[in-house]
Amino acid sequence: MDLPQHRRAGLRQLALWCAALMLAITSLSAFIRLSQAGLGCAPWPQCFGSVLRAAQDGAAAPVGESTPVVVARLAHRLTATVALVGVATMAALCLLPRPRMWRAGLLALLLVALALGLAVLGIRTSGARVPIVAIGNLLGGMSMFAICWRLAAPHESSTQNRRRSVRVLAAVASVVLLGQIGLGALTSASYAGQSCLAALDCLHAADAAHWPWAMLDPWREPVWDASIVPVNAAAAVTQLVHRVGAIVLVLLLVPLVILAMRDRRRGGAWTLLVLLALQLVVGVLMVGAGLALPLALAHNLIALLLLATLVRLI
């Protein structure tokens with residue numbers, strides 16, 4: 001094995017470890033964020049968003065952080081530090097020795113920039129209550145996982161036998177999925193998860209509120225009356241847009257599955273199909289089950305795996 005091949009194998013192993021770290025980081029971050037929002041709290045739904053409402057009123061939080069959240073926060077910080085060292089090592093492995101691996105090196109540099117950006121975001125926005133913070137953290141973490149997963153993929157000397165349509169459609173679907181993930185984060189951080197149940201309920205609620213598009217502003221701090229059910233009904237337009245995004249994504253992924261099958265990329269095609277079906281089922285169950293914390297975490301994880309699968313198909 002010559003030196004470039006040896007370095008390439010080392011890069012793949014390191015990228016795989018970093019992908020595992022990012023999987024842990026995004027899952028821990030989701031657990032902390034959703035637990036603080038009140039998912040799984042009691043009495044439901046009166047406790048939903050109680051920490052935010054207490055902060056807005058200038059009062060102390062109804063309860064302190066639970067032991068699992070404290071442990072998760074510590075594990076998140078330690079894992080993020082290790083991941084930063086890992087991505088910096090990948091960049092050095094690609095760009096310092098000769099011959100340089102420019103394509104992988106640029107991706108590794110992007111990972112370093114994202115890691116530093118997330119670190120600054122966490123420091124500068126500590127205690128921030130606007131949804132853009134949650135959106136930035138979620139998209140940054142998931143993008144890092146997807147890039148690490150792409151760098152961990154086996155090297156292909158040629159892609160001439162691959163259908164260009166598969167790669168193009170996978171790229172478009174990846175962009176749409178990132179937008180959908182951002183909308184999901186906005187829905188969660190805006191406390192719109194219980195604003196309506198069925199799609200028609202969301203449509204009627206949005207129409208009754210005269211289509212308040214300002215609810216889609218990620219820099220807007222959520223405010224609602226906790227005594228009124230459904231909770232935060234004015235934000236139903238946010239959940240409605242998220243559901244429309246899900247339909248658009250399905251319309252992109254189904255043809256992509258068919259094209260990938262024809263391109264003899266059956267592993268990726270079946271993975272996409274199974275993950276898509278699971279995501280739709282979990283999304284429906286999550287709303288109907290009152291935003292159960294395990295289902296919300298599963299929803300977050302499946303979106304991450306969908307993005308990783310799409311990146312491999314590009």
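**Helix packing in a predicted model**

α8 and α9 are roughly antiparallel to each other, because angles over 145 degrees count as such. The model is predicted.

Q: At what angle do helix α8 and helix α9 pack?
A: Helix α8 covers residues 236-262, and helix α9 covers residues 266-288. Their axes lie 9 Å apart. The packing angle is about 160°.

Q: Is the crossing of α8 and α9 left-handed or right-handed?
A: The two helices are roughly antiparallel to each other. Their crossing is left-handed.

Q: How many nonpolar residues does the contact of α8 with α9 have?
A: From α8 come residues including Val 250, Leu 253 and Leu 256. From α9 come residues including Trp 270, Leu 273 and Leu 276. By class, the contact has 2 charged, 1 polar and 13 nonpolar residues.

Q: Are α6 and α10 roughly parallel or roughly antiparallel?
A: Helix α6 (residues 164-189) packs with helix α10 (residues 293-313) at about 155°. Angles over 145 degrees count as roughly antiparallel. Therefore α6 and α10 are roughly antiparallel.

Q: How many charged residues does the contact of α6 with α10 have?
A: In α6, Arg 167, Ala 170 and Leu 177 are among the residues that meet α10. In α10, Ala 303, Leu 306 and Leu 310 are among those that meet α6. The contact divides into 12 nonpolar, 1 polar and 1 charged.

Q: How many residues of α5 are buried?
A: Helix α5 runs over residues 131-151 and has 21 residues. Its reach from first C-alpha to last is 30 Å, close to the 30 Å expected. The helix is mostly covered. Of its 21 residues, the buried ones number 15.

Notes. Residues numbered from 1 in each chain as written. Predicted model: local features only at pLDDT ≥ 70, side-chain atom pairs only at ≥ 80, totals over all residues. Heavy atoms only, no water. Axes fitted to C-alpha atoms, helices over the stretch in contact; angles between N-to-C directions. Helix = DSSP H or I, 4+ residues; strand = E, 2+ residues; numbered from the N terminus. Parallel < 35°, antiparallel > 145°, perpendicular 65-115°, else oblique. Contact = heavy atoms within 4.5 Å. Nonpolar A, V, L, I, M, F, W, Y, C, P; charged D, E, K, R; others polar. Expected span 1.5 Å × (residues − 1). Buried < 20%, exposed > 50% of the residue type's maximum accessible area, 1.4 Å probe, protein only. Left-handed = near helix turned anticlockwise from the far one by under 90°.
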